[in-house]
Amino acid sequence: MKNYKQKRKDMLKKAGADAVFGAKAFGAFGNRGMVREIVYPRDGYALLNVVKMLKDEKPVVLGGATDVLFPDGVYDGAIISTARLKDVCFCGDRVYCQAGARLPEVVAKCARRGLSGFEQLSGIPGSVGGAIAMNAGAFGREIAELLTRVDAVTSDGIAVALSPCALDAGYRHTSVAEKGLTVTGAEFRLTTSSSREIEDSIREYGKRRRDSQPQGKSLGSVFKRADGVSAGYYIERAGLKGIKTGGAEISSKHANFIVNNGGATAADFIYLADKAKNAVKEKFGIELEYEVIFLKG
Ligand SMILES: Cc1cc2nc3c(=O)[nH]c(=O)nc-3n(C[C@H](O)[C@H](O)[C@H](O)COP(=O)(O)OP(=O)(O)OC[C@H]3O[C@@H](n4cnc5c(N)ncnc54)[C@H](O)[C@@H]3O)c2cc1C
């Protein structure tokens with residue numbers, strides 16, 4: 001085994017990446033779990049190499065894992081992390097971000113430059129790549145609206161540049177996963193404004209978020225809106241707000257959030273999420289769709 005791991009590390013090193021075996025799961029829900037292997041490409045070219053090299057293993061590409069629930073035991077596959085691809089550079093009213101750049105940092109940098117557009121997205125904790133894959137959005141703004149170009153790698157390791165319309169972006173959806181693409185970076189076009197106005201606006205959206213959403217460990221919204229109505233509305237009316245199991249709770253502040261109050265497991269999360277899904281189906285005849293992604297052990 002030692003020999004296998006060393007060989008694999010050497011192979012990945014040549015491709016420009018580092019591998020960590022037996023790593024701790026790093027999902028935002030904070031349940032304890034392990035991952036067989038996490039691969040960290042050091043730049044965009046290494047990401048391309050690694051996707052190509054590992055394609056038969058069907059690795060999962062993750063940014064912040066702020067929308068992903070890790071299993072409680074060991075996730076027995078390879079994860080490619082974009083955490084080291086964090087460059088952000090500016091050219092006039094455009095900003096180019098590598099896939100692993102975190103949205104809050106991108107938003108703050110844009111604000112300092114007097115570039116407006118991202119303010120509503122400032123409280124979304126994930127990476128640019130993850131946000132594009134999910135078409136993340138908040139307060140009426142979706143990330144796809146700001147895109148001018150997406151750079152990606154196909155599952156065969158071919159670099160492609162896509163225009164935003166090739167993503168078929170809709171509510172919390174793009175074709176990134178269906179097409180088997182890994183986002184390596186993206187360009188956004190913003191508008192010029194005063195840094196002060198942008199920062200005021202970021203603070204205002206932050207306050208609205210804090211007033212309506214729990215602050216503990218969570219994966220954000222568990223379910224997508226149903227016909228434009230927050231899933232939390234239905235879960236609350238099904239009487240499930242505040243219910244607990246193990247260390248997890250359907251938030252008493254916002255029923256579409258499941259929070260980890262300490263020691264929660266993936267099984268606790270799934271128990272509460274299934275309970276909410278079934279109760280809403282039974283009471284309202286509405287089939288809620290998960291926004292959260294489940295990694296299967
Ligand atoms: C407290 C909290 C608040 C949140 N609020 C919001 C909100 O207001 N609006 C909202 O939309 N979301 C929200 N989220 C959910 C989450 O932050 C977003 O969906 C975010 O965009 C996910 O980014 P990530 O890097 O964490 O993606 P991950 O969780 O790492 O991955 C999510 C999906 O994207 C894929 N992916 C990741 N990186 C890439 C890549 N480079 N190429 C291709 N596919 C990739 C993964 O394979 C996976 O399928 C919230 C989450 C939390 C914890």
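The second largest pocket of this predicted model has a volume of about 160 Å³. A pocket here is an open set of points on a 1 Å grid over the protein atoms alone, where a 1.4 Å probe fits, with protein on both sides within 12 Å along at least five of seven lines; the volume is the space filled by probe spheres set on the points, which are joined across faces, edges and corners. Lining residues, which have an atom within 4 Å of a point, include R32, K217 and N260. By class, the lining has one nonpolar, six polar and two charged residues, with Gly counted as polar, Ala as nonpolar, and Lys and Arg as charged. Because domain 1 and domain 3 both give residues to this lining, the pocket lies between them.

The domain bounds, from an automatic or database assignment, are as follows.

| Domain | Residues |
|---|---|
| Domain 1 | 2-81 |
| Domain 2 | 88-211 |
| Domain 3 | 214-294 |

The C-alpha centres of domain 1 and domain 2 lie 24 Å apart. Their contact (heavy atoms within 4.5 Å) takes eleven residues from domain 1 and 15 residues from domain 2. The buried area, the accessible area (1.4 Å probe) lost on putting both parts together and summed over both, is about 960 Å², with 64% from carbon and sulfur atoms. Between these domains the count is one salt bridge, defined by a Lys or Arg side-chain nitrogen within 4 Å of an Asp or Glu carboxyl oxygen. The side chains of K55 and D156 meet in a salt bridge at 3.5 Å, N to O.

Residues are numbered from 1 along each chain as its sequence is written, and side-chain values use heavy atoms, leaving out hydrogens and water. Local features need pLDDT of at least 70 and side-chain atom pairs count only at pLDDT 80 or more, whereas totals for chains, interfaces and linings use all residues.

Conventions:
Buried area is the accessible area (1.4 Å probe) that two parts lose on being put together, summed over both.
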